[in-house]
Amino acid sequence: LGRDVLICGISDSGKTTLLSQLVSGKTVQTYTSMQHNKFSYTLQQGTAALQLVDVPGSDRVRGQVVDMFSSSTRAMVFVVDSNTVSKQIRDVAEYLHFLLTDKNILNNRPSLLILCNKQDSGLAKSSSAVQALLEKEIEKVRLTRSQQLAGSSESRDYLGREGKMFEMRDLGCKVDVMEASALDLETLSPVKQWLVDVA
C-alpha cells in the first residue's frame, strides 16, 4: 500500500473543510473543486507522512483523480452530508460503489472510513442510519450494474457476497463509520486517531 489517503464524497459533503481542519486546524472558504488538492499530513515525529488527497466531488473529474491515485491508496475517507443523504442517496451510493469496485482498490483493500459529516445540524442522520441507507442503496446499485453487465463482455468484480444482501462488513477491508462536523475541530479527534491507526 502507498501513503495516499483519498478524501472522497459528492459535491458539498465537506471534503475540503475536513482537509483544511486536519492539515491546518482552520476552516477555509470553499468552492466546488475541479481539481484535486494534495497535502502532506504528519502524524507524529518519526513516522512517514500520509498524503491526503481531496478528490473533487464533480462526477466529471473524480474518475480521473481516482484512477491517478487508486494504486497508491492506503485508506479512503468517504464524506457524507448527514443532512442531505436521504435526498442524495443514489448519487452517494453510486459513487461509493464506483470507488469500491475500482480494480486497484478491490485488490489492495484499503481501509475505509465513512464519515457522517455536518452532525452540528438538527436534521443530521446518525451514523447507523447513514450506514443502513447506504447498504440498502448499494444493493440496488449492485443489482442494476449486474443486470447491465449480464450480456456484455465487460466484467466488474462483485461487491460484497453473492446471494446475500449487501452489508459493509462483507467488503473484505476494514470499515469504520463515524459522526463528525468538519467545522468543529474537537469532533475530528476520532478521525485523527483513525488516520494514526491506518498509517
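This note goes through a predicted model point by point.

1. **Helix H2.** Start with helix H2, which spans residues 62–69. Its buried residues are Arg62, Gly63, Val65, Val66 and Phe69. They cover an arc of only 165° around the axis, so they sit on the same side of H2. Gln64 and Asp67 are exposed, on the other side of the helix.

2. **What H2 packs against.** The buried residues of H2 meet both strands and helices. The strands are S1 (4–8), S2 (37–41), S3 (50–54) and S4 (73–81). The helices are H3 (89–100) and H4 (103–108).

3. **Helix H6.** Helix H6 covers residues 189–198. Val191, Trp194, Leu195 and Val198 are its buried residues. Seen down the helix axis, they fall within an arc of 100°, so they line one face of H6.

4. **Phe78 in strand S4.** Phe78 belongs to strand S4. Its relative accessibility is 1%, so Phe78 counts as buried. Leaving aside neighbours within four places in sequence, its contacts include Cys8, Gly9, Val92 and Tyr95. Leu96, Leu99, Leu112, Leu113, Ile114 and Leu115 are also in contact with Phe78.

5. **Leu18 in helix H1.** Leu18 is in helix H1. The residue is buried, with a relative accessible area of 0%. Leaving aside neighbours within four places in sequence, Leu18 is in contact with Ile7, Val77, Val79, Leu115, Ala182 and Leu188. Gln35 lies 17 residues away from Leu18 along the chain, with 16 Å between the two C-alpha atoms.

6. Which residues does Asn117 contact, leaving aside its neighbours within four places in sequence? Among them are Ser13, Gly14, Val79, Val80, Asp81 and Ser82. Ala180, Ser181 and Ala182 are in contact with Asn117 too. Asn117 lies in strand S5, residues 111–117. Its relative accessibility is 2%, so Asn117 counts as buried. The Asn117 side chain also reaches the backbone nitrogen of Ala182, at 2.8 Å.

7. Ser181 lies in the loop between strand S6 (175–179) and H6. Is Ser181 buried or exposed? Ser181 is buried, at 5% relative accessible area. Leaving aside neighbours within four places in sequence, Ser181 touches Asn117, Lys118, Gln119 and Asp120, and also Thr187 and Leu188.

8. **The second largest pocket.** This pocket has a volume of about 160 Å³. How many residues line the second largest pocket? The lining has 13 residues. Leu100, Leu106, Arg109, Leu159 and Leu171 lie nearest the pocket centre. By type, the lining divides into nine nonpolar, two polar and two charged residues.

9. Leu100 is found in helix H3. Its relative accessibility is 5%, so Leu100 counts as buried. Not counting residues up to four places away in sequence, Leu100 touches Met76, Ile105, Leu106, Leu112, Leu159 and Leu171. Leu106, Leu159 and Leu171 are, like Leu100, among the residues nearest the centre of the second largest pocket. Leu100 and Leu112 are 12 residues apart along the chain, and 9.5 Å separates their C-alpha atoms.

10. Arg109 sits in the loop between H4 and S5. At 42% relative accessibility, Arg109 counts as partly exposed. Check its backbone as well. Most residues other than glycine have a negative phi. Arg109 is not a glycine, yet has a positive phi of about 50°.

11. **Asp12, another positive phi.** Asp12 is not a glycine either, and has a positive phi of about 70°. Where is Asp12 found? Asp12 is in the loop between S1 and helix H1 (15–24). Its relative accessibility is 59%, so Asp12 counts as exposed.

Terms used:
Residues numbered from 1 in each chain as written. Predicted model: local features only at pLDDT ≥ 70, side-chain atom pairs only at ≥ 80, totals over all residues. Heavy atoms only, no water. 1 Å grid on protein atoms, 1.4 Å probe; cavity = no way out; pocket = protein on both sides within 12 Å on 5 of 7 lines; lining within 4 Å. Points joined across faces, edges and corners; volume = space filled by probe spheres on them. Nonpolar A, V, L, I, M, F, W, Y, C, P; charged D, E, K, R; others polar. Buried < 20%, exposed > 50% of the residue type's maximum accessible area, 1.4 Å probe, protein only. Helix = DSSP H or I, 4+ residues; strand = E, 2+ residues; numbered from the N terminus. Arc of directions from axis to C-beta. Polar contact = N/O pair within 3.5 Å; in protein donor to acceptor, adjacent residues only side chain to side chain. Contact = heavy atoms within 4.5 Å.
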